[in-house]
Structure formats: C-alpha cells, structure tokens
Amino acid sequence: MLNSILGSELTLPSFLICTAVSLLLGIGTALVAMYRSRTTQSFAVTLAILPAVVQLVIMLVNGNLGAGVAVAGAFSLVRFRSAPGTAKEIGALFLAMAIGLATGMGYVGLAVLAFVIVAAVMLLLTAINFGGANEHERVLKITIPESLSYDGLFDDLFEKYTKSCVLERVKTSNMGTLYELTYRVILPDDNAPKAFLDDLRCRNGNLNITCGREATKDAL
C-alpha cells in the first residue's frame, strides 16, 4: 500500500492516478486551511493545485541532478515575490508540497495516509483553540491627562467590572501632555459593559478609550 506505483518508466495511467490524488488532496488541504480561518480565494486555489504542480516537477526531474538544482533555485526565487503569510498558511503550504513530493515519486498511499493524519491533527487543534488566547480577553487603552496619577486610578473599576487586569504599557503622547495606558483585561463575558466605559470616561476626563481584541500576530 505504501510502495511506489511508478515503475522504471512513467506511464499514462500512473501519471493520471498521481495527478488525480494530488488534486483531491490539494483541495482537502485548502479546506483544512480555511477551517475557522480567513483566507483569500487565490490562496485556496493555490493550495488546491500546488500538490499537482510539485508532483509534475518531481516527475520531470526524475533523478536528474542538474534539473534538480535548477528547480531548487527557481523555488527559492518565489519567496521574494510572495507576500508573507500566517504561520497556519505556511504550514498548509508545506503540507501541500509534501503531498506533491510523495505523489511525484509514486507514493500515493503514503500521501493519502500522511494527509489524513496531519489534517486530523490540524482540525482537532483548531477546534479546541490550541494555543489561542482567552476569548474574553481584551486590550484596553485609556488616555489620561498628565496631571492624573495612573497608579491605582482605576483599580476599583477593574475590580468591579473585570476578572483580571494587568497594566502592560505606559506611553506619552501630545508632547507629553497625555498618557496612554494599555491594559490587558479579562471580562466576565464577550462584551464590555457600557457602565464600565462610562465610569472610565468620568475618571479620565472623557478622553479617548479603546477596548477590543488584540490584533492577530501569527505571521512568520
């Protein structure tokens, strides 16, 4: 089952079988990458056809050292013409390339087995939010005038409206006349209570207050 279906010569039936498996597994890889993630149509289409493209390249090289070096150089240039992606997207690209390498050498059963195992693990880890932040965690930014001392200024409000709070950064702005305080807070539910924001506004002189989720930083 895990042996190569390619013999000493490449035949049309074996080529069609490898190509069909590559395309099916490529579409499966694209579906896995899109699970609970935002992806573009161009990225999904690329993932779907990438295993077949890599498979064709491997079949054309077929042990030719000079052709292999040329192909490696061509693939290295692609990196400089591509926008950086997220870590999950890069992982999906590596999976698609691995599938193409396996099918290009005729190891169709191995490609299917590897895809099933890796895809199942990726779906499971995504479903359980492995490595993800607390869903109720928010980044709170409060602007106060320099005349106010921020030490303990909002402690009673944080104790009343949040489960936990950590002051992460203090930044001056507007020529030093304002302070921007950045807190990481965990709220009791998904939404910040309006009363919480109103009480903060009363303390900071109705200056800017921002409360939201932290921007995703999973690009490599």
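1. At 59% relative accessibility, arginine 36 counts as exposed, where buried means under 20% relative accessible area, exposed over 50%, and partly exposed in between, with a 1.4 Å probe and protein chains only. Arginine 36 is found in the loop between helix 1 and helix 2, and although it is not a glycine, its phi is positive, about 55°. Helices (H or I, at least four residues) and strands (E, at least two) are DSSP runs, numbered from the N terminus.

2. Please keep in mind that this is a predicted model, in which local features need pLDDT of at least 70 and side-chain atom pairs count only at pLDDT 80 or more, while totals for chains, interfaces and linings use all residues. Residues are numbered from 1 along each chain as its sequence is written, and side-chain values use heavy atoms, with hydrogens and water left out.

3. Asparagine 174 also deserves a look, for this residue has a positive phi of about 55° although it is not a glycine. Asparagine 174 lies in the loop between strand 2 (164–173) and strand 3 (178–186), and with a relative accessible area of 52% it is exposed.

4. Helix 2 (residues 41–61) has 21 residues, which at 1.5 Å a residue should span 30 Å, and its end C-alpha atoms are 30 Å apart, in agreement with that value; the expected span is 1.5 Å times one less than the number of residues. Among the buried residues of helix 2 are Phe43, Leu47, Leu50, Pro51, Val54 and Val57. After helix 2 comes asparagine 62, whose phi is positive, near 45°.

5. Helix 4 (residues 87–104) can be checked in a similar way: its 18 residues should span 26 Å at 1.5 Å a residue, and the end C-alpha atoms are 26 Å apart, which agrees. The buried residues of helix 4 include Glu89, Ala92, Leu95, Ile99 and Thr103, and what covers the buried residues of this helix includes helix 1 (12–34), helix 2 and helix 5. Just after helix 4, glycine 106 takes a positive phi of about 90°.

6. Methionine 105 lies in the loop between helix 4 and helix 5 and is partly exposed, with a relative accessible area of 47%. Not counting residues up to four places away in sequence, methionine 105 touches Ser4, Leu6 and Ile58, where contact means heavy atoms within 4.5 Å. Methionine 105 and leucine 6 are 99 residues apart in sequence, yet their C-alpha atoms are 7.2 Å apart in space.

7. A nonpolar surface patch of about 890 Å² is made by residues including Leu2, Leu110, Ile117, Leu124 and Phe130. Patches are made of residues with over 30% relative accessible area and no salt bridge, like charges being joined within 9 Å and nonpolar side chains (Val, Leu, Ile, Met, Phe, Trp, Tyr) within 5 Å; accessible areas come from the Shrake-Rupley method with a 1.4 Å probe, and for residues only the protein chains shown count as cover. Leucine 124 has its place in helix 5 (residues 108–127) and is exposed, with a relative accessible area of 52%.

8. Side chains of opposite charge can pair when their charged atoms come close. The structure holds six salt bridges, a salt bridge being a side-chain nitrogen of Lys or Arg within 4 Å of a carboxyl oxygen of Asp or Glu. Aspartate 156 forms one of them with arginine 203, the closest N and O atoms being 2.6 Å apart. Because aspartate 156 lies in helix 6 (residues 155–161) and arginine 203 in helix 7 (residues 194–203), the pair ties together parts that are 47 residues apart in sequence. Aspartate 156 is partly exposed at 41%, and arginine 203 is partly exposed at 29%.

9. Arginine 169 forms a salt bridge with glutamate 180, with the closest N and O atoms 3.8 Å apart. Arginine 169 lies in strand 2 and glutamate 180 in strand 3, so this pair ties together parts that are eleven residues apart in sequence.

10. Within helix 7, the side chains of arginine 201 and aspartate 198 meet in a salt bridge (3.0 Å, N to O), and, being three residues apart in that helix, the two are separated by about one helical turn. Elsewhere, salt bridges that share partners join Glu137, Glu168 and Arg184 into one network.
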